[in-house]
Amino acid sequence: MKLLSIAVPCYNSEGYMENCIRSLLVGGEEVEILIVDDGSSDGTAKIADRLEAEHPGIIRAIHQPNKGHGGAVNTGLENAAGLYFKVVDSDDKVRASAYKSILDVLRRFSGDEPALDMLISNFVYNKEDQNRHSVMEYRRCLPAGRVFSWDEANRFPVGKYILMHSVIFRTQMLRDSGLKLPEHTFYVDNIYVFNPLPYVERMYYLDVNFYYYFIGREDQSVHEDVMIRRLDQQARVNRIMIDHFTDPACQEMIGDRKTLRQYMFNYLEIITTVTSVLCLRSGAPEHLQLRDETWEYLRNRDEALWKKMRRRILGRAMNVNRHLPRRAVVALYLLAQRIFSFS
């Protein structure tokens, strides 16, 4: 068994995927790199096959009809042979020194019973269009350098979230959680991190800058114009997260873990805020209706949860009259942008 499986979803990634893969090869024989060619129409498939031939036993090229980012992650998880599982987007990369430290930790706990469920590390936002970067770290939220549980975690401030770039999950735990991402849908990274959390018991925070997340390209899914065009998909992800959090089985698994419950509530709140503020930013009648439908969906699933979220500052701001002056809408947008760090 490999120590770590890394899935690299690729769709028309010929211009940058090799930079990503080269950074992952530092892991050596303990790591398998699953390049999931998601029905690309450029040279991605040929590059994947060549890299597999050049690095047998480390790189596997998997080709499938286009299923979107979520479908590619699903395929990676289905094919993973590693004890642990990580997703790295094809336009990102990892830092070599931090990578080696990550593997040291995974190796140290690979024989533990009960097992380590989630390893968390820092990631770096690289805004290429602005030539600047910022680090998402968790020093005040999580104890570093040791195994801990949710009871030992501190409360996360607004704007501090464990995102896909931060986590490595135990592969079997992900499978046991029943994680299945929707196909042909963007923004499923949030589901990927959110839904398995009730299954996480033992965690480890390694305070290193491991993942480098490059944003700023105009065609990226997190670019504002793109997000507005895909608001239906953002709303779909929002509803799936609402479904999961309000499911009695999920609530039973969360149990009396107050820090986990509050963290998942905060995460759902910020996703609902992003959906709402983008609808306000657009101002199109169909998007204003989508905002209202999202909140009504939450109300129908769990009225107590709806009331709690509506009473808070973000909930009140996101449910203002649709004739709110444009200047105020822009201010709301910039607030959510700052909190959630989308482009």
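In which helix is His-287 found? Select helix α11, residues 285–301, and His-287 is there; helices here are DSSP runs of H or I of at least four residues, and strands are runs of E of at least two, numbered from the N terminus.

The model is predicted, so local features need pLDDT of at least 70 and side-chain atom pairs count only at pLDDT 80 or more, while totals for chains, interfaces and linings use all residues. Residues are numbered from 1 along each chain as its sequence is written, and side-chain values use heavy atoms, with hydrogens and water left out.

Stay on His-287. This residue is buried, with a relative accessible area of 15% (buried is under 20%, exposed over 50%, partly exposed in between, with a 1.4 Å probe and protein chains only). Leaving aside neighbours within four places in sequence, His-287 is in contact with Ile-228, Leu-231, Cys-279 and Ser-282 (contact means heavy atoms within 4.5 Å).

Next, select α2, residues 44–54. Its buried residues are Thr-44, Ile-47, Ala-48 and Leu-51. Seen down the axis of α2, they fall within an arc of 100 degrees, so they line one face of the helix; the arc is that of the directions from the helix axis to the C-beta atoms. The face turned away from this buried side carries the exposed residues Lys-46 and Ala-53.

Now show what covers the buried residues of α2: the cover includes β1 (2–10), α1, β2 (31–38) and β3 (59–64).

How values were computed:
Axes are lines fitted to C-alpha atoms, for helices over the stretch in contact, and angles run from 0 to 180 degrees between N-to-C directions.
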